[in-house]
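Dear colleague,

Please find the structure below, handed over for your records.

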Amino acid sequence: WISSSGSYVNKFEEAFASYCGVKYGVAVCNGTVAIHLALAALGIGKGDEVIIPSFTMIATAFAVCYTGAVPVFVDADKETFNIDVTKIEEKITNRTKAIIPVHIFGNPCNMGKICEIAEKHNLYIIEDAAEAHGAEFDGKKTGSFSDIASFSFFANKNLTTGEGGMVVTDNEEYYKKCKYYKNMCFPVDAPRVYSHENIGFNYRMSNLHAAIGLAQTEKADAYRTMRINNSKIYIEQLSDCPGIIFQKDQPNGLNVHWMNAIIIDPIKYGHTKDELIEHLKINGIDTRLLFVSMHRQESLKKFGCDCSGDYPVTDWLSKNGFYLPSASGLKAEQISYICEIIRKFKK
Ligand SMILES: Cc1ncc(COP(=O)(O)O)c(C=O)c1O
């Protein structure tokens, strides 16, 4: 029962889907394959185009490539860092099949506007909610706005199983397809026979991981509060420091602040991002860089994506931004120490 046949897999699926406010969950081994599974269940493949933000983790794009479809990029919004909803429609062609909004750093996208566009153009929505467990838009949880949504439970996420992922959906047909494809296209709820009608994947999550996931889900709101409180301290102590820019919360949204990213205006702050990162390192504070734009990825160019055009907001974020320590268990004194170092370094 340590394999995926153990009872914790179902328990975790039910608990996490219910936390998201949807009917069904299918646990998988990471957040990247969760996106792929969702796309496969929706029948997206060769000849199709899928709209994704240029500012995202590469997993969003790779998952589209795995299906044979082509990711098409839309720049980020300068305030929320999410996909710029005013620029989506200009990228829609007669090949477009789906939009993948990504709730960047736990900040929900403007799902009202995205649902409106998807309905108008008859497109699927797959929320990439890898970073946004428990985030809300208009009082509804992320993961509940799309045909199928995906989550990651990687070690640094607000909820974690070490490695892990899940798709969630309200649609029974998609749910059954996800279960089927995830397990090598063995028949679902039928005796195991070794004839396979379709190409499937082994994306199963083990019972051990699911047991951790269930325990994490029971504490989901507590972890959410810890991240939100940490981010409040950063914002309170740094937002009046010239040249330090924070992500703005999506109006009508609840940002769960997976990561505390800051963007440096080197003229106002007096140092570049790299100088500040180095200074923090000398003081024992580790940081991480932000994503590099999808249109600058050699892998995606080789795959055949259209990487021409400008994505100025994404480039600005990558060039000037980085993550401050963001773990749930950070103590207020530790955050104050980090903020003090940043404030004192300002020229
Ligand atoms: C937006 C986004 N999508 C997908 C993933 C992939 O998740 P995983 O690392 O579990 O494969 C991540 C991981 O950090 C992510 O940030």
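Which helix gives the most to the lining of the second largest pocket? That place belongs to α1, with three residues. Helices here are DSSP runs of H or I with at least four residues, and strands are runs of E with at least two, numbered from the N terminus.

Please note that this is a predicted model, in which local features need pLDDT of at least 70 and side-chain atom pairs count only at pLDDT 80 or more, while totals for chains, interfaces and linings use all residues. Residues are numbered from 1 along each chain as its sequence is written, and side-chain values use heavy atoms, with hydrogens and water left out.

The second largest pocket has a volume of about 500 Å³. A pocket is an open set of points on a 1 Å grid over the protein atoms alone, where a 1.4 Å probe fits, with protein on both sides within 12 Å along at least five of seven lines; lining residues have an atom within 4 Å of a point. The volume is the space filled by probe spheres set on the points, which are joined across faces, edges and corners. This pocket is lined by 16 residues, of which Ser4, Ser5, Lys179, Lys182 and Asn183 are the closest to its centre. Both α1 (8-20) and α5 (172-182) supply at least two residues of the lining.

The largest pocket has a volume of about 710 Å³. Its lining has 32 residues, and Phe154, Asn156, Lys157, Trp258 and Met259 are the closest to the centre. At least two lining residues come from each of α2 (31-41), α3 (58-67), β13 (288-289) and β14 (321-324), and α2 gives the most, with three. The largest pocket lies between domain 1 (8-219) and domain 2 (221-345), because both give residues to its lining; the domain bounds come from an automatic or database assignment.

An oxygen atom of the ligand is 2.5 Å from a side-chain N or O atom of Thr32. For Glu131, the distance from a ligand oxygen to a side-chain N or O atom is 2.6 Å, and for Lys157 such a distance is 2.6 Å. The protein covers 92% of the 380 Å² of accessible area that the ligand has on its own (Shrake-Rupley method, 1.4 Å probe).

Yours sincerely

Terms used: Polar contact = N/O pair within 3.5 Å; in protein donor to acceptor, adjacent residues only side chain to side chain.
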